[in-house]
Amino acid sequence: MQLTVWTYEGPPHVGAMRIASSMRDLHYVLHAPQGDTYADLLFTMIERRKSRPPVTYTTFQARDLGSDTAEIFKRACREAVERFKPQAVMVGASCTAELIQDDPGGLAKTLDLPVPVVPLELPSYQKKENWGAAETFYRLVRGFAGGRTPERKAGTKSCNILGPTALGFHNRDDVTEVRRLLDALGVPVNVVAPLGASPADLARLPDADFNIVLYPEIADVAARWLEREFKQPSVRTIPIGVNATKDFVRAVAEMAGVDPQPVLESGEERLSWYSVSIDSNYLTGKRVFVFGDATHAIAAARVAETELGFKVCGLGTYSREFARDVRAAAREYDVEPLISEDHLEIEDAIMAAQPELVLGTQMERHIAKRLRIACAVISAPIHVQDFPARYAPQMGFEGANVLFDTWVHPLMMGLEEHLLGMFREDFEFNDAADASHLAAVGDGSRPDAPAAVADLPSASDDAPRWSPDAEQELKKIPFFVRGKARRNTEQFAADGGLKTITVETLYDAKAHFGR
């Protein structure tokens, strides 16, 4: 067991909560002690849902352990069904309640409830959140679609969209954008699940001709079962980026037997032109470090390398179930794959790679900000600012436009700050001057601004010392690469046995590392 201040995934019962919160007319009775209700905040505070998740907690307390906690669970089940009147109930235990071994599934069967009961056995100490979500979705699909005879209409082929959930990264808008693509192709959507679906909708899944797996972390297991049981093939191309979206359109068109050309020639995306325009020439060769769930990390690396001209200098995921896919992708970019859930190990990898842009989760955003590196969030886990009120898909042609804006703007802001730095001695822009729009009311001074991380000298007593002239020259380097320049120069000086870094040392180091 490892104590940490950050985890990329919660326990598997949080994954089950994500499925329950995604769906309609489904309720989750969770055997959990008082205090395990914290997960509600993920949906109400971070995702900003208008209502609580459809979850009933037994909330037994320490004093209840000496009595009958099983009876507490049974009472909670009866009351939940009577109050919420769902089409179905899921029952399970939190990681803490799992230790008392009350068997929620077995207890629920003895209650003779008037609705179907789906028992969940999620090993809290061996598996994590995405696995729990995938297993829960699979159990529901198998429970409600199993044994049905498909009712498929002749003529136009229809599809299911599988994988979007609550707490997913821009999943709501992705579904809207993918639906737009399917409408343009003339392919009707049978069911979207789990997001917005009911148990009755899951029973209609076999009626579609094929499935679209948007998020394999959630839908892969269920899609494979549907393929075995009902001979439903799957489109597994993730439409993130221009090229991948075109591949997706072709794959769906081939599956549905329609012409993809009108959609491919629609010209809705602007990323391609923007990325080759004069204003964007400075993007070429920028080093980018990518980390997230496997789906978004692999897709982001492809967009960065093949569509924006970046150089992928690091690629990793916390999704161990899809580590093989990430390793295969890493070989394409000639980088060492990073499969880890330790944010400190990931921070070390980012520092070693010395990227100019980090694409990652909320944790990598914090790491990049601390290191003064441009950053953008591409994957869950995320915080409240990554559930925008506006329409901001990641998939489809419009999603490609969003990617360009989201990834490139941090670099553009870096250039603007560098220009301000170049003119810091100007009478209007120097550090002691008030903002120009406050000149009429200012007194001509303000508190000193905090030093940037890239401007701080090395903490080691043995490190070479910077001369004042060298420090001034270093400040002329853009702040987003200044830290790298400082580290390289100090390494060059240390390797050469120099005690003081001069302007000449700075330029010698630049020439040395530029070879």
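This is a predicted model: local features need pLDDT of at least 70, side-chain atom pairs count only at pLDDT 80 or more; totals for chains, interfaces and linings use all residues.
User: In what order do the four strands of the open sheet stand?

Analyst: Helices (H or I, at least four residues) and strands (E, at least two) are DSSP runs, numbered from the N terminus. Two strands pair if DSSP finds at least two bridges between them. Here the order is β6-β5-β7-β8, with parallel pairing. Strands β6 (189-193) and β8 (234-235) are at the edges with a single partner strand each, so one side of each has no neighbour in the sheet. Four bridges link β5 (residues 159-162) with β7 (residues 210-213) in the parallel sense; Cys159 has Phe210 of β7 as its bridge partner.

User: How do helices α14 and α15 cross, and at what angle?

Analyst: Axes are lines fitted to C-alpha atoms, for helices over the stretch in contact, and angles run from 0 to 180 degrees between N-to-C directions. The axes of α14 (residues 343-353) and α15 (residues 362-370) come within 11 Å and cross at roughly 45°. Angles under 35 degrees count as roughly parallel, over 145 as roughly antiparallel, 65 to 115 as roughly perpendicular and the rest as oblique; α14 is therefore oblique to α15.

User: Which residues make that contact?

Analyst: Contact means heavy atoms within 4.5 Å. Helix α14 contributes His343, Ile346, Glu347 and Ile350, while α15 contributes Met363, Glu364, Ile367 and Arg370. As a general idea, an α-helix has 3.6 residues a turn, so residues three or four places apart point the same way.

User: Is helix α1 mostly covered or mostly uncovered?

Analyst: Buried means under 20% relative accessible area, exposed over 50%, and partly exposed in between (1.4 Å probe, protein chains only). Helix α1 (residues 12-22) is mostly covered, with eleven of its eleven residues buried. Among the elements covering these residues are β1 (26-31), α5 (129-145) and α8 (216-230).

User: Where does Asp25 lie, and what is its phi?

Analyst: Asp25 lies in the loop between α1 and β1. Its phi is positive, about 60°, although Asp25 is not a glycine. Asp25 is partly exposed, at a relative accessible area of 37%.

Conventions. Residues are numbered from 1 along each chain as its sequence is written. Side-chain values use heavy atoms; hydrogens and water are left out.
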